[in-house]
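Student: I am new to this structure and would like to look closely at a single part of it. Please start from one residue, and then lead me on, step by step, to what else deserves attention.

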Amino acid sequence: MSSASGATAGNDARKRLRDLLPDLYLGHWRPGPLNSLTDVPGVRVHTQEIFADDGAVNTGVTSILPRENWFYKACYAGIFSFNGSGEMTGSHWINETGLLHSPIIITNSFAVGAAYQGIYEYTIKSQGVTKGNVDWFLLPVVAETFDGYLNDLTQFVVKPEHIIKGLESVSSDRVKEGNVGGGTGMICHYFKGGTGSSSRVVEGFDSKGEPKTYTVGVLVQANYGRPQHFRIAGVPVGRILAQEADEAAESNPAIKMAREALEKEKNRKDGSIIVIIATDAPLHPTQLQRLAKRATVGLSRVGGHGHNPSGDIFLAFSTGNEIPVQSISMERRAVDPFKPTPVVVDVVDDSSINGLFEAVTDATEESIYNALCMAETMTGNQGHRIEALPLERVKEIMQKYI
């Protein structure tokens, strides 16, 4: 495998949407300092890419740790499946208990098994497990989208060691975007898609009534959608670009053939989108499931419809409370499992949650834009080529509406 990709930036220098269109209105709430998932304190991320010299392999892994002491201190969490043609392992346990106490890995559809094993191997290594003696409980959380148009899935290049490396390398830096991590080989609205992130800061109060700000961060792996549905702030950019592409294809047989091949593939398997939402607002699992549902609003603004073969699965978690786990094992018994014992937590009043709903919606929308704006043109498996979103043309179109 190689570190060199088949990506080319083309004539447009890649930049995030706010840098491309600084006057564009993207919601009431301001972004965090990084405008990234890692604006949420304690959340750390790493992206790694895997390529082959012949261009057939274009894939990767996105690794997320929800907090430093994730193994013993769970986060409350909630999941929403907008359309279920996809996988997020560990979801049954999160739905059962409302607890997230696992790293989160996002990768390609054929790498779920390797990622699942990799989380276990990382945990054994990081928690100092004695050989042959595992006395803890963990269900790894692994999500996927399908990158088989640009990546040769049959090579199964993602290995458990990639997961270990990713989880050992997480940082609080701004998440890299575009053709990176699990999003390396992804396609969005027929343009090169991938990984994107954004954040929002919401003013509120703490449990003592003192002013306090809360952060909502979002990370997407965007691999869905039709070109004609793509919109930026309501402007039908995708429809305009699709009409121009149709005109170009009429006079260029090679372009026409490539578009027909992509259309055939997307009719078979639309793609999917994974959305990870983090916040430091103290929310309980039902509230977090409600937050996860609001990612659908951001997705729909950009042009997602949840088509039948699309796996649109959203996970929200809160670092606002620390919930003890691993308290009962063969060697530990911090509580009696038959004697109910309360855990004291802070919880946001439902009547005051609207700002967080809006923040999720806006940050999800912008995360998808950033994935598209930062992704570069890629030539991949079997010579398939996916063009990057033409930023200068997008800027020209949008200037009429800003």
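Tutor: Please keep in mind from the outset that the model is predicted. Thr-107 belongs to strand β6, which runs over residues 104-108. Once the neighbours within four places in sequence are set aside, the contacts of Thr-107 include Gly-60 and Val-61, as well as Val-112 and Ala-115. Further along the chain, Thr-107 also touches Val-142, Ala-143, Glu-144 and Thr-145, and the list goes on to Val-158, Gly-182, Met-186 and Gln-221.

Gly-60 and Val-61 fall within β3, residues 58-65, while Gln-221 falls within β11, residues 211-222. Pro-211 is in strand β11, where it counts as exposed at 65% relative accessibility. When residues up to four places away in sequence are not counted, Pro-211 touches Gly-204 and Phe-205, and its C-alpha atom is separated by 22 Å from that of Gly-27, which is 184 residues away along the chain.

The C-alpha atoms of Asp-53 and Asn-35 are 34 Å apart, although the two residues are separated by 18 residues along the chain. Asn-35 is found in the loop between α1 (17-20) and β2, and at 7% relative accessibility it counts as buried. Its phi is positive, at about 50°, even though Asn-35 is not a glycine. His-189 is another residue other than glycine with a positive phi, in this case near 55°. It lies in the loop between β8 (187-188) and β9, and it is buried, with a relative accessible area of 0%.

Helix α5 is formed by residues 237-250, and its 14 residues reach 20 Å from the first C-alpha to the last, close to the 20 Å expected at 1.5 Å a residue. Which residues of α5 are buried? They are Val-237, Gly-238, Leu-241, Ala-242 and Ala-249. These residues cover an arc of only 120° around the axis, and therefore they lie on the same side of α5. On the face turned away from that buried side, α5 carries the exposed residues Glu-247 and Glu-250.

The largest nonpolar core has 55 residues, and Val-237 is named with Leu-17, Ile-232, Ile-273, Leu-356, Ile-368 and Leu-389 as the members that touch the most others. Helix α8, residues 354-374, gives the most to this core, with ten residues.

Helix α5 also takes part in the lining of the largest pocket. In that pocket lies about 750 Å³ of space, and 31 residues line it, with Phe-191, Ala-245, Arg-259, Glu-387 and Ala-388 nearest its centre. The elements α5, α6 and β15 (385-386) each supply at least two lining residues, and α6 provides the largest share, namely seven.

The 18 residues of α7 (285-302) should span 26 Å at 1.5 Å a residue, and the end C-alpha atoms are 27 Å apart, which agrees. Just after α7, Gly-303 takes a positive phi of about 130°.

Definitions and conventions: Residues numbered from 1 in each chain as written. Predicted model: local features only at pLDDT ≥ 70, side-chain atom pairs only at ≥ 80, totals over all residues. Heavy atoms only, no water. Helix = DSSP H or I, 4+ residues; strand = E, 2+ residues; numbered from the N terminus. Expected span 1.5 Å × (residues − 1). Buried < 20%, exposed > 50% of the residue type's maximum accessible area, 1.4 Å probe, protein only. Arc of directions from axis to C-beta. Core = buried A, V, L, I, M, F, W, Y, C linked by side-chain atoms within 4.5 Å. 1 Å grid on protein atoms, 1.4 Å probe; cavity = no way out; pocket = protein on both sides within 12 Å on 5 of 7 lines; lining within 4 Å. Points joined across faces, edges and corners; volume = space filled by probe spheres on them. Contact = heavy atoms within 4.5 Å.
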